[in-house]
Amino acid sequence: MPFLGTQPDLIRQTDISNSRFIDDRIISKHPRFPSLTRNIRTRRESNVEIKIPVYQDELTEYKPSPEEPFSGFVYMDAMAFGMGMCCLQTTYLTKNLSHARYLYDQLSIISPLFMAISAGTPFAKGKLLATDTRWDIIAAGVDDRTARESDPKSAEYIPKSRYSSISQYLSTVEWNLP
């Protein structure tokens, strides 16, 4: 949805998202999506802050504006920017928890390859991005950490969004252990 959020003058309903760029009428009516949008915003005590670098070349002049307050970045303020993008989700049936952990570990290795092969998100809000995958957009779009939890100097610091990359393998297979 390369032009999602480019016409803020058409927005009439924002009770759920509180967005400057997204009208709540685009949110699925299934209870999960309005609830998730509202809960993320409530928990973090602010709208999400998605900042994705703009592709820079010698002709790109990108100055801050009310719609784009961060120089050199496309700014988005609602979960819909990430969750509104297309993706393929798959569900696997495993025989037990041990097998599920092993499968998770193996998929974590090849997932970046699939993401590179299927890269198809070079635009956001009508601007060319310095990336071509949606991962950073969706990770920031569902980041429910508070300001304290996002601050590396805070005792409450959580280093990554829940949709971020993994930090360790889960299975107890010998070659995955440190």
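**Aromatic rings and their partners**

Modeller: Start with a charge over a ring. Lys51 lies over the face of Phe73, 6.0 Å from the ring centre. Keep in mind that this is a predicted model.

Colleague: Which ring does the charged end of Lys125 sit over?

Modeller: Here the distance to the ring centre is 3.6 Å. The cut-off for a charge over a ring is within 6 Å of the centre. The ring under Lys125 is that of Phe21.

Colleague: How many aromatic pairs are there?

Modeller: Rings pair if their centres lie within 6.5 Å. By this rule the count is three.

Colleague: Is the pair of Phe21 and Tyr75 stacked or edge-to-face?

Modeller: The centres of Phe21 and Tyr75 are 5.9 Å apart, with 80° between the planes. Planes over 60 degrees apart count as edge-to-face. So the pair is edge-to-face.

Colleague: How many residues apart in sequence are the parts that Phe21 and Tyr75 tie together?

Modeller: Phe21 lies in the segment before α1 (32-44). Tyr75 is in strand β2 (residues 73-76). The parts tied together are therefore 54 residues apart in sequence.

Colleague: Is Phe21 buried or exposed?

Modeller: Buried means under 20% relative accessible area. Phe21 has 4% relative accessibility, so Phe21 counts as buried.

Colleague: Which residues do ring pairs link into a cluster?

Modeller: Tyr75 belongs to the cluster, and Tyr75 is buried at 10% relative accessible area. The linked residues are Phe21, Phe70 and Tyr75.

Definitions and conventions: Residues are numbered from 1 along each chain as its sequence is written. This is a predicted model: local features need pLDDT of at least 70, side-chain atom pairs count only at pLDDT 80 or more; totals for chains, interfaces and linings use all residues. Side-chain values use heavy atoms; hydrogens and water are left out. Rings of Phe, Tyr and Trp (its six-membered ring) pair if their centres lie within 6.5 Å; planes under 30 degrees apart count as stacked, over 60 as edge-to-face and the rest as tilted. Helices (H or I, at least four residues) and strands (E, at least two) are DSSP runs, numbered from the N terminus. Buried means under 20% relative accessible area, exposed over 50%, partly exposed in between (1.4 Å probe, protein chains only). A charge sits over a ring if NZ of Lys or CZ of Arg is within 6 Å of the ring centre and within 35 degrees of the ring normal.
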